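Hi everyone, thanks for coming. Let me put the structure up on the screen, and then we can walk through it together.

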Amino acid sequence: MSYELIALTMFGGMLLLMLTGQRVFAAIGFVSAAAALLLYGNGAIEMPFNAAFKLFNWYPMLTLPLFVYMGYVLSESGIADDLYTMFHVWFGRINGGLAVGTIGLMVVISAMNGLSVAGMAIGATIALPEMLRRGYDKVMITGVVQAGSSLGILVPPSVVLVLYGMIARQPVGRLWLAGVFPGLMMAAFFAIYIVIRCKMQPELAPVVSKEELDMPFKEKLRYLRAGIIPFLIFFFMTGLFLMGITSLVESSAVGATAATIAAISKGCFTRKVIEESVRKTLGISCMFMWVILAALSFGAVFDGIGAVRAIESLFITTWHLSPWQVLVMMQLSYIIMGMFLDDTAMLVIVAPLYVPLIIHLGFNPIWYGVLYTITCQIAYMTPPFGYNLFLMRAMAPPEITLPDIYRSIVPFVLIMVFSLILIMIFPQITLWLPDYIYAK
Amino acid sequence: MPKIIVLYVKYVDAISIKVGRATMYLIFAMIGCLLLGSITRNILHMPLSWTVEMAQFMITAYYIAGGAYSMILREHVRMDLIYEHLSEKTRAKVDVVTTFFLLFYLLVLLFGSVSSTMYAIEYGQRNFSQWNPSMIPIKIIMVAGIVLMILESISVLFKDIAAARGIKIS
């Protein structure tokens, strides 16, 4: 059996097993274990287990449970409610103001957390019901929450960039800084889209009554105070890390502590909240860690059959692609695979295949990290397989149906693809900030 | 279902839940450990070499020992393109068949973990670092966690078999 055929069989087997609806980690784990035993014999029996030690050595993964925990504490602690009111008061007058405010809220949440779970939970439980009550179009606002919360993995801190940093052996600090402007740019595009759409179709977003927003300017300023806590959390976590005071994993522990203190000071850190956040944290973290464990084992087998070389020779020697064509092929293949296969597993399996080739072709690995993350955002949102879709379905109010969720993402995915192309053409959007800061 | 199976499901689930609920509070230990490291280094100027490594051990124990409980919580994602259109009974039937893949993977993990632990005990394996801790405790915890995960998967299998026949146990 040729190596290409083995690789195809492994991918096909994985896809087939996933289609049966068995747990994702079991599908990937089985294919990797079976392939290891078939290819390398009984000596390979330790291979799947040894992936646990690769994961052990990837100590930045410690940020994962800490960020999940922090996200749940933030969404339970009522910090988000205040923030939402603040955005509401300040953006209420614009067409589609609440939706624009929700994007703002999502950017702030993203700056406090490295995953999209937190933004999704807060968006679905606070912003969505409020906008539905005011007669906003449900398809549009579902898209707003999904697109907005996906910024969580691009705006620093970001767990996806941590994972990428480990695979590509790139400094996480630079990667995080590289995500700042692309994240803000996308948020701005989302907001512009909402305003234009609501100007054209005012029925999508009824304007909030004047009385509700008419309040003394002093009062309005008072609401700005809601932004202080998030700013402090951002400073203690990402700020201290970028200044080199705390290490990466320590900064996530500082962030988790800051969120806990904020919740205690608001009197929201009750027994029930603790139990709930801690249990959900275990559940989500286990889900991700087991998928990564299985994917690492799959990747090790893949590496053993020389998949990196195979892809390189396929793209360059056989197909004679230019570097840019290779890049576009990679992004396309990732989006397509990400639709059908598990996104996190794809990241762990495919990135080690692509990154060496990217560096070899002379592209900047920091810049590629951002492209990769945006591609991930798209993959997380696109059906049939996307974590954000799963989360949305689990958390959204019942009147939002599955077809609503599917339809809602279309314009936002188009905006994301547009941003992706823009960043490909103008790498400075990502590289300017890290270059500027690290040049000093 | 035979009484012994019902009892098995009852006891294994109880153990998984107990272990999982104890494990879930490790998150606070991880936070505390990392916080300790940053405080002693920055404020007391007394860097500790073991805090991050300790947290690494904790997270490994966290997801391996918490695995069985996360199965009960039904947190593990599935690709539900086809799955979600099936009736509950059919889903259970499909799961009964495909649990084979889950068990196969877990058994390979178990073999690997046992042989790796034997090696660690025989040669007194230590982690290659400044702290240089023994790898034996974590490996034993991992073996135990994987065993519990297998026991829980069998319990889930029994529950699926029951559900496929339209019965509910536990």
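First, some housekeeping. This is a predicted model, where local features need pLDDT of at least 70, side-chain atom pairs count only at pLDDT 80 or more, and totals for chains, interfaces and linings use all residues. Residues are numbered from 1 along each chain as its sequence is written, chains are lettered from A and ligands numbered from 1 in the order in which they are written, and side-chain values use heavy atoms, with hydrogens and water left out.

So, what does chain B contain? It has 6 helices and 0 strands; here helices (H or I, at least four residues) and strands (E, at least two) are DSSP runs, numbered from the N terminus. The radius of gyration of chain B is 20 Å, well over the 15 Å that the globule rule gives for 170 residues, so the chain is more spread out than a compact globule. That radius is taken over C-alpha atoms, and the rule is 2.2 Å times the number of residues to the power 0.38. Along its principal axes, the C-alpha trace of chain B spans about 65 × 35 × 30 Å. Of its 170 residues, 48% count as buried, meaning under 20% relative accessible area, with exposed being over 50% and partly exposed in between (1.4 Å probe, protein chains only).

Now to the packing. Two packed helices are described by the angle between their axes and the distance between the axes. Axes are lines fitted to C-alpha atoms, for helices over the stretch in contact, and angles run from 0 to 180 degrees between N-to-C directions.

Take helix H2 (residues 26–42) of chain B: it packs on H3(B) at an angle of about 170°, with the axes 9 Å apart. That makes H2(B) roughly antiparallel to H3(B). On our scale, angles under 35 degrees count as roughly parallel, over 145 as roughly antiparallel, 65 to 115 as roughly perpendicular and the rest as oblique.

How does H3(B) sit against H6(B)? Helix H3 (residues 51–65) and helix H6 (residues 136–164) of chain B pack at about 15°, with their axes 8 Å apart, and are therefore roughly parallel to each other. Phe57(B) and Ile64(B) are among the H3(B) residues that meet H6(B), where Ile138(B) and Met142(B) are among the partners; contact means heavy atoms within 4.5 Å.

Phe30(A) lies in helix H2 (residues 24–40) of chain A and counts as buried, at 15% relative accessibility. Beyond its neighbours within four places in sequence, Phe30(A) is in contact with Leu17(A), Phe100(B), Phe101(B), Phe104(B) and Tyr105(B). Ser70(B), in helix H4 (residues 67–72) of chain B, is buried too, at 0%. Not counting residues up to four places away in sequence, Ser70(B) touches Gly283(A), Cys286(A), Glu75(B) and His76(B).

Most residues other than glycine have a negative phi, and most peptide bonds are trans. Yet a cis peptide bond joins Pro156(A) and Pro157(A), with omega about -5°. Arg169(A) has a positive phi of about 55° although it is not a glycine, and it is exposed at 73%. Asn132(B) likewise has a positive phi, about 60°, and is partly exposed at 33%.
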